[in-house]
Amino acid sequence: MRAEHATYACGAALGFLGDLLAADPRRGHPVAAFGRGAAAVEARLWRDHRGRGALHTLLCAGGATAGAALLTRAVRGPAPAASPARTAATAALTAATVWSVLGGTSLGREARAVGEALAAGDLDRARRRLPHLCGRDPQALDGPQMARAVVESVAENTSDAVVGALVWGAVGGVPGLVGFRAVNTLDAMVGHRSPRYRRFGWASARLDDVAGWPGSRLTAALTVLAAPDRRGAVRAWRRDGGAHPSPNAGPVEASFAGALGVRLGGTLAYGGRVEHRPRLNGAGRPVATEDIARAVRLSHRVGVLALTTTVAGRLLAGAVRPALARRKGGAR
């Protein structure tokens, strides 16, 4: 059991390093392939009905998770003994999976691209790049509003694209990594409140809320540890984290706002509709272009802390469980 956890730790660290060095490929990404498959299933199943949406979620997220579990079992081989070759193969599978589900480096790259365009005064280029980060209507935003949108997206995606995946990987290994990314991808595809997906996407959105809960709270906590202003991060998280319409984005965006000393939230145009969201860290200053780079650096520090925390947690669990089992057996 300890060897299994050590193998996961090695694979997770290699996968995290792979994301830092290689980021996401422009073509052929496994998550993009999953998205195409989910869209094909949606084309056959879609009805304006919650039951059809739940079936879509079950087939796509459940199928991806089950496939990952079967692949892991095939690579790992029969218990209890595992050869060095199978151990290496399991670590390699973990590394490849972690690399494929993490998006921290691509997140930072896209955020910086918008920031560079804004710094150069090229609003048209910034508007073309913004959809790579979020679903806001870029034509409705000026420079400061785009900078705010980028910082909010960096904060939320630090949880969705980095920390949440590492949490579920530590809990469930490769199937946990794949399952979380599948659920999160489905939410991005069908979980929004457009007329087409208000009912069909309900199950995906609610499942994503549940799956994202532990990662979002860990992200907020690690943001406090990594923050330039720790007191500000704690204060904004406690005061404003529950004001956001998303139960998971709220704590993360509020802690980022307090950490950076900026004000997030307010009016935005998203998916063909206008939303008026509460202010997060209302006493902070408006977001400036240079805050984008600060948010990316904070996101990176949180990602490194998340890797350290989740791997340490998995290794600790591997060390504690045998001792508890022996104590329970001795008590009999």
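Which residues does aspartate 240 touch, not counting residues up to four places away in sequence? The answer is Ala254, Arg279, Leu280, Asn281 and Gly282. This is a predicted model.

**Aspartate 240**
- Helix α9, residues 230–240, holds aspartate 240.
- Aspartate 240 counts as buried because its relative accessibility is 9%, and buried means under 20%.
- One of its contacts, Leu280, also lines the largest cavity.

**The cavity**
- One cavity of 30 Å³ or more is present in the structure.
- The top contributor is β1, with three residues.
- By class, the lining holds four charged, three polar and two nonpolar residues.

**Glutamate 152**
- Glutamate 152 belongs to helix α7, which spans residues 143–190.
- Its relative accessibility is 2%, so glutamate 152 counts as buried; the cut-off for buried is under 20%.
- Leaving out residues up to four places away in sequence, glutamate 152 touches Arg136, Glu253, Leu264 and Gly265.

**Aromatic pair**
- Searching the whole structure gives one aromatic pair.
- The partners are tyrosine 197 and phenylalanine 200, and their arrangement is tilted.
- Their ring centres lie 6.4 Å apart, with 45° between the planes.
- Both tyrosine 197 and phenylalanine 200 are buried.

**Arginines over rings**
- Arginine 196 sits over the face of tryptophan 46, at 4.5 Å from the ring centre.
- Arginine 314 sits over the face of tyrosine 8, at 4.6 Å from the ring centre.

Terms used:
Residues are numbered from 1 along each chain as its sequence is written. This is a predicted model: local features need pLDDT of at least 70, side-chain atom pairs count only at pLDDT 80 or more; totals for chains, interfaces and linings use all residues. Side-chain values use heavy atoms; hydrogens and water are left out. On a 1 Å grid over the protein atoms alone, a cavity is a set of points where a 1.4 Å probe fits but cannot get out, and a pocket is an open set with protein on both sides within 12 Å along at least five of seven lines; lining residues have an atom within 4 Å of a point. Grid points are joined across faces, edges and corners, and a volume is the space filled by probe spheres set on the points. Helices (H or I, at least four residues) and strands (E, at least two) are DSSP runs, numbered from the N terminus. Ala, Val, Leu, Ile, Met, Phe, Trp, Tyr, Cys and Pro count as nonpolar, Asp, Glu, Lys and Arg as charged, and the others, Gly among them, as polar. Buried means under 20% relative accessible area, exposed over 50%, partly exposed in between (1.4 Å probe, protein chains only). Contact means heavy atoms within 4.5 Å. Rings of Phe, Tyr and Trp (its six-membered ring) pair if their centres lie within 6.5 Å; planes under 30 degrees apart count as stacked, over 60 as edge-to-face and the rest as tilted. A charge sits over a ring if NZ of Lys or CZ of Arg is within 6 Å of the ring centre and within 35 degrees of the ring normal.
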